[in-house]
Amino acid sequence: MLFAVFAVIFGLALLVWSADRFVDGAASTANHLGMPPLLIGMVIIGFGTSAPEMVVSAIASSQGNPGLALGNAFGSNITNIALVLGLTAVLAPIAVSSQVLKREMPLLLAFTLLMAWPLYDLVITEIEAWMLLAMFSAYMGWSIYQGMRGKDDALAAEYDEEIQAQKMSLKQGISWLIVGLVLLVISSRILVWGAVDIATALGVSDLVIGLTVVAIGTSLPELASSIAAVRKNEHDLAVGNVIGSNMFNTLAVVGIAGVIHPIDLDPLVLSRDWLTMTVLTFLLAVFSFRLNRPTRVNRIQGIVLLLCYAAYTIYLLQTGF
């Protein structure tokens, strides 16, 4: 088991590093090709920050561990809101002014609620997975439309600053894009092997490992980027990264895993994990969004989110063994 623990630690470290290189390379390449900053941010960076979850879940499902895939998706969503935004807000209150984000938040809440539909019979079938991917395709089309027309949005300016800070030639961008993608696959295979081995040794389900160790690890890029964004006064970027990542996890990550292998569910997935994810998404909407004025996630609300994460983790460990 010691070797499996080392594999998880090494796999997570390589996963986070390769995800950063993949995102930087993809964003730089898109910028050289003349894509608008908001479009790069919402589509390229949004996809890139969820690449660890996508690759890990796809490999886990293909190797017969769909519980790990689903746990990674739901656990990352819970971690992104409760831990990532909670910790970020405690360090510095997060102001939200982007109108694009205010239009995306209701969509995220709607899709999160909609996930109860494929979960209620305790199996995500291949047909249901394809329908999730169809909804994801529709969301991507909407994101491209928003990215093309929202050039004056506050989020566009923040994405532009981030993209311009990555000074790469087109050749460098393409190189890092390829290297990052290859290492993402390699590190994900190492991580999945180690996580399944640990779950077997501890006598817990791969779902629990996915909801905890793997979810926290694959959410590290969001944590790092959110803290860095707030330190640079790019508050909308911090929230945008989380909303985009959660949207990708809910529709694409679960959809890809379900297409590869139908996912049989523990009843606790609906009553514990989906319910927690839904409540946290609702809290994020209440805390951070008002239609006609700038709002913020303050330190007290950040503490509330962290307490929710602690309570969920304790309950998860009590029910997971």
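This is a predicted model: local features need pLDDT of at least 70, side-chain atom pairs count only at pLDDT 80 or more; totals for chains, interfaces and linings use all residues.
Local features are reported at pLDDT of at least 70 and side-chain atom pairs only at pLDDT 80 or more, whereas totals for chains, interfaces and linings use all residues. Numbering starts from 1 along each chain as its sequence is written, and side-chain values use heavy atoms, with hydrogens and water left out.

**Confidence**

The mean pLDDT (the predictor's confidence in each residue, from 0 to 100) is 83 for the protein, and 90% of the residues score at least 70. Helix α8 (residues 154-165) has the lowest confidence, with a mean of 66, and strand β2 (residues 123-124) the highest, at 94. Helices (H or I, at least four residues) and strands (E, at least two) are DSSP runs, numbered from the N terminus.

**Accessibility of selected residues**

Residues are classed as buried under 20% relative accessible area, exposed over 50%, and partly exposed in between (1.4 Å probe, protein chains only).

| Residue | Relative accessible area | Class |
|---|---|---|
| Asn72 | 0% | buried |
| Asp273 | 0% | buried |
| Arg272 | 3% | buried |
| Leu122 | 30% | partly exposed |
| Leu170 | 36% | partly exposed |

**Asn72**

Asn72 lies in helix α4 (residues 66-91). Leaving aside residues up to four places away in sequence, its contacts (heavy atoms within 4.5 Å) include Pro52, Glu53, Val56 and Ser57, as well as Gly210, Leu211, Val214, Ala215 and Thr218. The Asn72 side chain comes to 3.3 Å from the backbone oxygen of Glu53. Asn249 is 177 residues from Asn72 in sequence, yet the C-alpha to C-alpha separation is 8.6 Å.

**Salt bridge**

The structure contains one salt bridge, defined as a side-chain nitrogen of Lys or Arg within 4 Å of a carboxyl oxygen of Asp or Glu. The side chains of Arg272 and Asp273 form this pair, at 2.7 Å from N to O.

A nonpolar surface patch consists of Leu33, Leu170, Ile174, Ile178, Val182 and Ile186, which together have about 520 Å² of accessible area. Patch members have over 30% relative accessible area and no salt bridge; like charges are joined within 9 Å and nonpolar side chains (Val, Leu, Ile, Met, Phe, Trp, Tyr) within 5 Å. Areas come from the Shrake-Rupley method with a 1.4 Å probe; for residues, only the protein chains shown count as cover. Leu170 belongs to helix α9 (residues 170-202).

Leu122 sits in the loop between α6 (116-119) and β2. Its phi is near 65°, a positive value in a residue other than glycine. Most residues other than glycine have a negative phi.

Terms used. A polar contact is a pair of N or O atoms within 3.5 Å; within protein, one must be able to donate a hydrogen and the other to accept it, and residues adjacent in sequence count only if both atoms are side-chain atoms.
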